[in-house]
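Please have the sequence and the 3D view open as you read.

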Amino acid sequence: MTIGPRMTGFDQDMLKFAVQWAPYGGGEEHILPTFGLFPADYYERLKSLLDSTAARSVDSASRRHLREHCSIRLAQTRGTRFRSLSAGHPEPQP
């Protein structure tokens, strides 16, 4: 995989990580220690990155799979926050 020149090194690392861990469910337990981002923030940034022209170096099937994975994980995260708020629990703070 060749990474486009317009991405930052951080973005390149995120994309490489996503492609590497995709066959294994995403490697979510490694996101915070590797990137210093909470998973929801990582998935938001990755989803934006996948929609950019810079990510075209990744084949379209992989981009589609990764976008879907991001959407699912973000929906699950939002659902968890909503259930916490509706149960009278404060929203977790990053």
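Is Phe10 buried, exposed or partly exposed? In this predicted model, Phe10 has a relative accessible area of 29% and is therefore partly exposed.

## Phe10 and its partner

Let's start with the pairs. Seven aromatic pairs turn up when the whole structure is searched. One of them joins Phe10 and Phe35: the ring centres are 5.6 Å apart and the planes stand at 85 degrees, so this pair is edge-to-face. Phe10 belongs to helix α1 (residues 9–21) and Phe35 to helix α2 (residues 31–35), so their contact ties together parts that are 25 residues apart in sequence.

Tyr42 is buried, as is Phe35.

A wider group takes in these residues. One aromatic cluster is formed by Phe10, Phe17, Trp21, Tyr24, Phe35, Tyr42 and Tyr43.

## A closer look at helix α1

Helix α1 is made of 13 residues, and its first and last C-alpha atoms are 18 Å apart, close to the 18 Å expected at 1.5 Å a residue.

Which residues of α1 are buried? They are Asp11, Met14, Leu15, Phe17 and Ala18. Viewed down the axis of α1, the buried residues fall within an arc of 160 degrees, so they line one face of the helix. As background, an α-helix has 3.6 residues a turn, so residues three or four places apart point the same way.

Note on methods:
Residues numbered from 1 in each chain as written. Predicted model: local features only at pLDDT ≥ 70, side-chain atom pairs only at ≥ 80, totals over all residues. Heavy atoms only, no water. Phe/Tyr/Trp six-rings, centres within 6.5 Å; stacked < 30°, edge-to-face > 60°. Helix = DSSP H or I, 4+ residues; strand = E, 2+ residues; numbered from the N terminus. Buried < 20%, exposed > 50% of the residue type's maximum accessible area, 1.4 Å probe, protein only. Expected span 1.5 Å × (residues − 1). Arc of directions from axis to C-beta.
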